[in-house]
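My notes follow in the order I made them.

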Amino acid sequence: TGTNMDGGEHVIWVEEITFTGKWLSYTEVLSIIISVWLGSALILLLITVIRLQKGFRKNRKLVKELGEINAALNLHSKEMERQAKTDPLTGSWNRAGVNESLLEWQTLVRQDRMDFSIIFCDIDHFKKVNDTHGHSVGDLVIIEIASLLRSQTRNQDLVVRWGGEEFVLLCPHSNLDAATTLAYKLKSTFANQSWPESLNITCSFGVSQMKPTENIEQLLKRADKALYEAKDEGRN
């Protein structure tokens, strides 16, 4: 604009603008745009892959932890179920533990597909044992009774601690004669066993075979009645 310009408003006319250097062709401009787009896409893809890998590792760790927790819960659940179905003192089944088997055998008997008998076993004068020698000795007697019952019966028979000093033997595929023979065998075994504190321990038994026309409660009631008849007739 020269020099020695006075201050104030001025108007400037541009008569010509000239660009110098190499011009970019249309193809080159498109190539640059595509390259930038592809580069950006690759960068985004790489970032996404890295994030997914981190998420996968995190999820895999989480799945592993959940699997370990689930396994521990399953183990705990099975242990709780076992405890709910077994007697803690003797390790024998309790009433809750044999409900399914009883219902299954009841169905088989009604279909005339098997014989099923039960044996009630009750320790004679057990209260006197506890009162005289203490509950610790009484517990030893009960544990020994359960052990003898398991050792003298078949694998398919179930030994159930029915409550207190009373046990029930569940004998599938056994008729009344077979169950009665087993009861006499157990009676003799208990009478000749060496017991803690040199005690003389005997048991009384009630035996019954299930009829196709009755249910489990009726079967148990008949066996229980037979047990009390044995008690009334002098025990052992």
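**Salt bridges**

I began with the charged pairs, and Asp 122, Asp 124 and Lys 231 turned up linked in a network of salt bridges. For a salt bridge I took a side-chain nitrogen of Lys or Arg within 4 Å of a carboxyl oxygen of Asp or Glu. This is a predicted model, where local features need pLDDT of at least 70, side-chain atom pairs count only at pLDDT 80 or more, and totals for chains, interfaces and linings use all residues. Residues are numbered from 1 along each chain as its sequence is written, and side-chain values use heavy atoms, with hydrogens and water left out.

Searching the whole structure gave me six salt bridges. I noted Arg 154 with Asp 157, whose closest N and O atoms are 2.6 Å apart. Here Asp 157 is buried at 7% relative accessible area, while Arg 154 is partly exposed at 33%. My cut-offs are under 20% relative accessible area for buried, over 50% for exposed, and partly exposed in between (1.4 Å probe, protein chains only).

Glu 214 pairs with Arg 222, the closest N and O atoms being 2.7 Å apart. Glu 214 is buried at 6%, and Arg 222 is partly exposed at 31%.

**Helix α3**

Which residues of α3 are buried? I found Phe 126, Val 129 and Asn 130 buried in this helix, which covers residues 126-133. They sit on the same side of α3 because they cover an arc of only 95° around the axis; the arc is that of the directions from the helix axis to the C-beta atoms. Helices are DSSP runs (H or I, at least four residues), numbered from the N terminus.

The face turned away from the buried side carries the exposed Lys 127, Lys 128, Asp 131 and Thr 132. Lys 127 also forms a salt bridge with Asp 131, with closest N and O atoms 2.8 Å apart. The two are four residues apart in α3, about one turn of the helix. An α-helix has 3.6 residues a turn, so residues three or four places apart point the same way.

**Surface patches**

Arg 51, Lys 54, Arg 57 and Arg 60 form a positive surface patch. Patch residues have over 30% relative accessible area and no salt bridge, with like charges joined within 9 Å and nonpolar side chains within 5 Å. Arg 60 lies in helix α1, residues 26-85, and is exposed at 51%.

I also logged a nonpolar surface patch of about 1000 Å² accessible area together, with Val 29, Trp 37 and Leu 38 among its residues.

Note on methods
Accessible areas come from the Shrake-Rupley method with a 1.4 Å probe; for residues, only the protein chains shown count as cover. Lys and Arg count as positive and Asp and Glu as negative; His and the chain ends are not counted. The place of a charge is taken as NZ of Lys, CZ of Arg, CG of Asp or CD of Glu.
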